[in-house]
Amino acid sequence: MLTVQDNGLGLSELQQRQLYGLFQRLHTHVEGTGVGLYIVKRLIENAGGSIAVQSEVGVGTTFTVTFPA
């Protein structure tokens with residue numbers, strides 16, 4: 001299991017549901033193409049693992065990646 005946490009802007013519940021969409025950008029004030037988390041999720045799930053997100057607006061976000069045994 002791998003956990004990554006930040007103390008950034010955080011994500012609303014709606015944003016969390018949209019997070020892994022292809023070309024989905026939730027914070028437009030930073031550069032990006034919107035493919036990174038889509039690819040990460042696909043790679044992890046194709047290998048038999050999972051990725052989860054917990055977030056609170058104004059507090060930060062935690063991603064938890066579970067790798068297959």
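Eight residues make up the largest nonpolar core here: Leu 11, Leu 19, Tyr 20, Ile 44, Ile 51, Val 53, Phe 63 and Val 65. Strands E2 (50-56) and E3 each give two or more residues to this core. Keep in mind that this is a predicted model, where local features need pLDDT of at least 70, side-chain atom pairs count only at pLDDT 80 or more, and totals for chains, interfaces and linings use all residues. Residues are numbered from 1 along each chain as its sequence is written, and side-chain values use heavy atoms, with hydrogens and water left out.

**The core**
- A nonpolar core is a set of buried Ala, Val, Leu, Ile, Met, Phe, Trp, Tyr and Cys residues joined through side-chain atoms within 4.5 Å, and buried means under 20% relative accessible area with a 1.4 Å probe, protein chains only.
- In soluble globular proteins, nonpolar side chains tend to be buried together.
- Leaving out residues up to four places away in sequence, Val 53 touches Gln 16, Leu 19, Tyr 20, Thr 61, Thr 62 and Phe 63 (contact means heavy atoms within 4.5 Å).

**The largest pocket**
- A pocket is an open set of points on a 1 Å grid over the protein atoms alone, where a 1.4 Å probe fits, with protein on both sides within 12 Å along at least five of seven lines; lining residues have an atom within 4 Å of a point.
- The largest pocket has 24 lining residues, and Leu 11, Leu 19, Leu 26, His 27 and Leu 37 lie nearest its centre.
- Its lining splits into 10 nonpolar, 11 polar and three charged residues (Asp, Glu, Lys and Arg count as charged).

How values were computed. Buried means under 20% relative accessible area, exposed over 50%, partly exposed in between (1.4 Å probe, protein chains only). Helices (H or I, at least four residues) and strands (E, at least two) are DSSP runs, numbered from the N terminus.
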